[in-house]
Amino acid sequence: MHRASRTAIAFLLAILTSALVAGGAWAAPALVVVVGERSGAHEETVKAMRDALLPRLADADILILDARSVTKAAFNGSRVVVAVGSEAAKAVSTEALRQPVLHTLLPRESYEALAAPAGGGRNSAIYLDQPVRRQMALLAEALPDWGRVAILAGPNSQELVARLETAAREFQLLVAIERITSDRDIYPALQRLLGERAMLLAVPDSVIFNSFTIQNILLTSYRSRAPLVGFSAAYVRAGALLGLYSTPTQIGEQTADAVKDVLDGGALPPPQAPRAFEIGINQNVARSLGITLKPESEIAARMQRRETVPR
Amino acid sequence: MKHWGIRARVMLVAVLPVLALAIVLTVFYTSTRVADHFETTTARGQAFARQLAAASEYAVFSGNTEAVRQLAASVLLEHDVVGVRVIDRNGETLVANGEFDHSLSSFTEPLANARVLQSEHTLRVIEPILASRLELDDGLSAVALSIGSPASLPLLGNVTLDISLTHLNEQRNALLSTGVGLALFMLLVSTALAAYMSRGVTGPIRQVARAVGRIGEGRFAERLPNIGGGSLRKLAQGVNEMAAQLAHANDDLNRQIADATAELRMRKEEAERATLAKSRFLAAASHDLRQPMHALGLFVAELAQHQHSAAAEKLVQRVAASAEAMEDLLDSLLDISKLDAGVLHPSVRAFPLMPAIERVMAVQRARAEARKIELKARATPFWITSDPILFERILGNLVSNAVRYTNDGRVLIACRQRGDRLRIEVRDSGVGIDADSQEIIFQEFVQLDNPERSRDKGLGLGLAIVHRLTELLGHGLSLRSRPGLGSVFAIEVPIASPVEDAATDDGARQPGDLAGTRVVLIDDDALAREATGSLLSSWKCEVTAASDLTELLAALKNCEPPHIIISDFRLQGPNNGLATIHALRKRFGADLPAALISGDTGADTLRLARNAGLPLLHKPVRPARLRALLNRLSDAG
């Protein structure tokens, strides 16, 4: 009796220990991050997320997957999934996941084009698009003398342009809109738009504003001595006078906050625009156009105040 | 090429590779240069087109035709650009300056890719005007722009450049002509150079050829100097060795020839000596016999003139006959030696044949009758061309032989015409001659039926004389005979047309009257002198005889000049008969008739007499002959 029971207990203990150990080894990461590419903006975003999550989550708790090699099994046991970029978003949305999914670093358009999650889990997004009011705030703060904003509306940006129009009126800015369907009509539309002094606001409609057309639009606006306001640092470098954008780091930090909330038991925040932003100024263009601007920090501070101060 | 000499071959070897190389290089480099030029032009055209496309991008984007036109105009300034056209994305022509080649297709829609078209005179370059791409290289822009990537091409329009190829064509032609000119020039230069340098090759070879030629002409001493090395040296050495061998062989041959010639000469001289010995023997023999014969004949002739008893008369006749027989024999020997000496000169003329035949028959008739054989001749009207005396001798000998060798039957002389010649046959039904002997019977002293060499049967010279005479006269001699069936000897003579008033001089003259003819007689032989003198006296001549000139002159001192001189040839003392006659003629007149008598039948004597123009009688002299001669001389004198 002694020998048999001792053997049985030892056997059970062994199983438990191994189960515990194995279970410990197999403990699923709390956070799964799916990235579209292992470099550039995505990498920056993921790094910022990690850094922000660090006290809360260890590196071991974060699994980073490539969007191209996503499997259902990888998500087992995780509490929250983050998809970085449109590609990752697409990859993740095809998996029927139960846990909450946060899409980040993608345009609003892309997010809204995603199919509804099939697994029952909720999803949300932090998209790239800046709030329309912020854009108008920038125009009002940076170029207060101008008072008129010109917008080229393409086939993909009808709704956005409508919102921009509304926001512009709030800031007492005159709005001129030209609606075009293809890049062929850009020049005539610009001629019409920029006939009077106006600020040209770029919208992320790839039909109009893409790497092939940007050069000519810049040239045209330059020749009309109209400042172009772009939505990325690249625009500023290319020749836009001003640029309003959020860096991947800022987005990553914001994403980390949302993840923390979820891990703490809270719900996913609703789809939102980026909280933090940056302003870029091209001093050369400013000089060429003969425009003097307040320093960036000042403009940014004033814009920030507008946002936080309730109307 | 087979018939080319070494010079031509060397030239070909030297020139052909160079020519081939020149052609290949010219073609290659000309074509590559032409291609290069074309490529350059095309590249230039494309560069201009691209530049124009890039420069006019914004102008086309903004529809700024003026700017485009200015840009186009600047491109048109290039020397070979003849036409510039810019079309926008809808195919509308914004600018069209210059001239366009209508043979090339133009496009209504702008092309998205560059194209190059070519016609004979024009190169068309079409470049798309593309919106330049600005890399918005931050992630956000890329991300922001990644949705709905533009499906449409950033094609803003087309630039079309027409480039004239005239200049290029001119350049190409210039290149070609330069290339060809260069090739020809190189060909000429290389030909000249080859000609010059080939001398180094052909020179030695031709030297060898000339040397070989000279050796071939027989100059075996010819040698080549050392020329070049290797095969040339071997060739020269080989030629030299060949020449040495030839020289050696030639020397050998010459030596052999010399040896053979020396031997032949020796033999010939031997033969000549033999012949000469024979002639001398004949001459000596006949001469020694003649003196006594001469005297004998004369004495017998004189004896016959005296009265004798019947028995003595008979004896005298027999003696005379014997003497005559001996004289005949001696005559035959004389004839042979005359023929041998070659001093017999036939006097050929036309004469009737029949009289000669009759005379011969007359001579042989008695013998024929004695042997009881028939001697006949067929009458012939022909005249022939020959020497009458010699012909009679021939015929006489043949008939004589025929009679001698026929025991019974007959001897027939017949003639047959053969074209322009007459074949005279002497046929006998005698013993015949077998084939083996038909050659040798014509040799001297050969008698087939006279093993004991009886002098009754002659000396065996008859046919030898006939043979030589027929050869001398050019008459053909033939023999047909079979033992036991008789023989036919035939000679062929040319037929002559009868001549009027033919001199039938056969040498027989009527004896004239010699009475009172003063004859000088010189002979160192007392017997002969006496005999001759006595005979002459019997003919009523006045004879003055002496043994030499001195004596004669003394004897003639107080006499009247002589009419005729008869001198023996060989005289004692320093003078011979010729000199004596000469001296007498000097004394008594150059045209004094004279004659020589000699027992010497040698050729020299005959010649000397002939040269002096003096008749020569041989001892023994027949009295009739002497008389005839005297008559002739006195007639002439």
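B:Glu492 is partly exposed, with 21% relative accessible area. Its side chain meets that of B:Arg423 in a salt bridge, 3.8 Å from N to O. This is a predicted model, and across all its chains the count of salt bridges comes to 31.

- B:Arg423 has a relative accessible area of 11%, which is under 20%, so B:Arg423 counts as buried.
- Through shared partners, salt bridges join B:Glu492 and B:Arg423 with B:Arg416, B:Arg421, B:Glu425 and B:Arg427 in one network.

**Salt bridges within helices**
- Side chains of opposite charge can pair when their charged atoms come close.
- In chain A, A:Lys47 forms a salt bridge with A:Asp51, and their closest N and O atoms are 3.2 Å apart.
- Both A:Lys47 and A:Asp51 sit in helix H2 (residues 40-53) of chain A, 4 residues apart, or about one turn of the helix.
- A:Lys47 is exposed at 53% relative accessible area, whereas A:Asp51 is partly exposed at 45%.
- In chain B, B:Lys268 and B:Glu272 form a salt bridge with the closest N and O atoms 3.6 Å apart.
- Helix H6 (residues 231-305) of chain B holds both B:Lys268 and B:Glu272, which are 4 residues apart, about one turn of the helix.
- B:Lys268 is partly exposed, with a relative accessible area of 48%, and B:Glu272 is partly exposed, with 44%.

- In soluble globular proteins, nonpolar side chains tend to be buried together.
- The largest nonpolar core has 88 residues, of which A:Phe209 and B:Leu161 touch the most other members.
- Helix H5 (residues 132-142) of chain A gives the largest share of this core, 7 residues.
- Beyond its neighbours within four places in sequence, B:Leu161 has contacts that include B:Phe48, B:Leu52, B:Val84 and B:Leu123.
- A second, separate core has 45 residues, among them B:Met293, B:Ile373, B:Phe391 and B:Ile424.

**Surroundings of B:Ser598**
- B:Ser598 lies in strand E16 (residues 594-598) of chain B.
- With a relative accessible area of 1%, B:Ser598 is buried.
- Not counting residues up to four places away in sequence, B:Ser598 touches several residues, including B:Arg290, B:Asp568, B:Thr605 and B:His618.
- From C-alpha to C-alpha, B:Ser598 and B:Pro620 are 8.6 Å apart in space, and 22 residues separate them in sequence.

**A nonpolar surface patch**
- B:Leu21, B:Leu25, B:Phe28 and B:Tyr29 make up a nonpolar patch on the surface, and together they have about 410 Å² of accessible area.
- B:Tyr29, one of these residues, is part of helix H1 (residues 6-55) of chain B.
- B:Tyr29 is partly exposed, at 47% relative accessibility.

**Chain B overall**
- Chain B has 15 helices and 17 strands.
- Chain B has 637 residues, and 40% of them count as buried.
- Of the contacts in chain B between residues at least 6 apart in sequence, 69% join residues at least 24 apart.

Terms used: Residues are numbered from 1 along each chain as its sequence is written. Chains are lettered from A and ligands numbered from 1 in the order in which they are written. This is a predicted model: local features need pLDDT of at least 70, side-chain atom pairs count only at pLDDT 80 or more; totals for chains, interfaces and linings use all residues. Side-chain values use heavy atoms; hydrogens and water are left out. Helices (H or I, at least four residues) and strands (E, at least two) are DSSP runs, numbered from the N terminus. Buried means under 20% relative accessible area, exposed over 50%, partly exposed in between (1.4 Å probe, protein chains only). Contact means heavy atoms within 4.5 Å. Patches are made of residues with over 30% relative accessible area and no salt bridge: like charges are joined within 9 Å, nonpolar side chains (Val, Leu, Ile, Met, Phe, Trp, Tyr) within 5 Å. Accessible areas come from the Shrake-Rupley method with a 1.4 Å probe; for residues, only the protein chains shown count as cover. A salt bridge is a side-chain nitrogen of Lys or Arg within 4 Å of a carboxyl oxygen of Asp or Glu. A nonpolar core is a set of buried Ala, Val, Leu, Ile, Met, Phe, Trp, Tyr and Cys residues joined through side-chain atoms within 4.5 Å.
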